[in-house]
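Work through the exercises below with the sequence and the 3D view open. Try each task before reading its solution.

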Amino acid sequence: MAKRCYLPYLKSVMETSSSTSLAIIETQDEEIPESILVAVRTLVPAQVLSNEAEVRKELPQVIGKLLALCWINNELASYFLSNTKNFLDKIKIELPDSIIIEVKKETKAKPSITVFQIAEGSKYKQRLFKLSLKLIANR
């Protein structure tokens, strides 16, 4: 079962500070309940995104839908945010190996997801896009 890895001092800082960012570290694969997978697959069809152009065009819509579902379903959020790339694999969203997905969650805030690409032969990440959901109420 995958677990989020927190350093002890980071956890104590998170409890005392609302501005500390936390990167969720992806660990081993975790079994995702079939009921969650079936529900998500009805909203997010299987896709093979084989290059940067396809990732830039299609992946923001996929991740946006999943973030919106995470807003209302805590169980889905725990699986999706703890190992995002594995979750996408399970719902049949295939990504190139050069794509890195980073999840950040600030205390008392909704998560944000940044997608990077590492060019072949490079050790540097290039940011493709960043997504987060914000609730804005106007009167």
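Two residues are in contact when heavy atoms lie within 4.5 Å. Keep that cut-off in mind for the first exercise. The model shown is predicted.

**Exercise 1. The whole chain**

Find how many helices and strands the protein chain has, and in what order they come. Then find what share of its residues is buried.

Solution. 
- Step 1: Count the elements. The protein chain has 5 helices and 6 strands.
- Step 2: The order is α-β-α-β-α-α-α-β-β-β-β.
- Step 3: Turn to burial. Buried means under 20% relative accessible area.
- Step 4: The protein chain exposes about 8900 Å². Carbon and sulfur atoms supply 53% of that area.
- Step 5: Take the contacts between residues at least 6 apart in sequence. Of these, 56% join residues at least 24 apart.

**Exercise 2. The core**

Name the residues that touch the most other members of the largest nonpolar core. Which element gives the most to this core?

Solution. 
- Step 1: Size the core. It has 32 residues.
- Step 2: Pick out the members with the most partners inside it. They are L59, L66, F80, F87, L88 and V115.
- Step 3: List the elements that give two or more residues. They are α2 (34-43), α3 (52-72), α4 (74-82), α5 (84-90), β4 (99-106), β5 and β6.
- Step 4: Find the top contributor. α3 gives the most, with 8 residues.
- Step 5: Zoom in on V115. Leave aside its neighbours within four places in sequence. V115 is then in contact with V55, L59, I63, I99, I100, I101, Q126, R127, L128 and F129.

**Exercise 3. A strand pair and its hairpin**

Do β5 and β6 run parallel or antiparallel, and how many bridges join them? Which residue in their hairpin takes a positive phi?

Solution. 
- Step 1: Locate the strands. β5 covers residues 112-118, and β6 covers residues 125-132.
- Step 2: Compare directions. The two strands run antiparallel, with 7 bridges joining them.
- Step 3: Check one position across the pair. Q117 stands opposite Q126 in β6.
- Step 4: Follow the turn. The hairpin has 6 residues between the strands. Among them is G121, with a positive phi near 80°.
- Step 5: K92 has a value of about 70°, although K92 is not a glycine. K92 lies in the loop between α5 and β3 (93-94). Its relative accessible area is 47%, so K92 is partly exposed.

**Exercise 4. Salt bridges**

How many salt bridges does a search of the whole structure find? Trace the pairs E34 and R41, E52 and R56, and K125 and E102.

Solution. 
- Step 1: Start with the total. The search finds 4 salt bridges.
- Step 2: Side chains of opposite charge can pair when their charged atoms come close.
- Step 3: Take E34 and R41. Their side chains meet at 3.6 Å, N to O. E34 is partly exposed at 47% relative accessible area. R41 is also partly exposed, at 31%.
- Step 4: Take E52 and R56. Their N to O distance is 2.8 Å. Because they are 4 residues apart in helix α3, about one helical turn separates them. E52 is partly exposed at 27%, and R56 is partly exposed at 36%.
- Step 5: Take K125 and E102. Their side chains meet at 3.3 Å, N to O. K125 lies in strand β6 and E102 in strand β4, so the pair ties together parts 23 residues apart in sequence.
- Step 6: Salt bridges that share partners join E102, K104 and K125 into one network.

**Exercise 5. A surface patch and a loop**

Which residues form a nonpolar patch with about 370 Å² of accessible area together? Where is A109 found?

Solution. 
- Step 1: Name the patch. W71, I72 and L135 form it on the surface.
- Step 2: Classify L135. Exposed means over 50% relative accessible area. L135 has 70%, so L135 is exposed.
- Step 3: Move to A109. This residue is in the loop between β4 and β5. At 27% relative accessibility, A109 counts as partly exposed.
- Step 4: Relate A109 to K134. They are 25 residues apart along the chain, and their C-alpha atoms are separated by 9.0 Å.

Notes:
Residues numbered from 1 in each chain as written. Heavy atoms only, no water. Pairing = 2+ DSSP bridges. Core = buried A, V, L, I, M, F, W, Y, C linked by side-chain atoms within 4.5 Å. Buried < 20%, exposed > 50% of the residue type's maximum accessible area, 1.4 Å probe, protein only. Patch = residues over 30% accessible without salt bridge, like charges linked within 9 Å, V, L, I, M, F, W, Y side chains within 5 Å. Areas by Shrake-Rupley, 256 points an atom, 1.4 Å probe, with all protein chains shown as cover.
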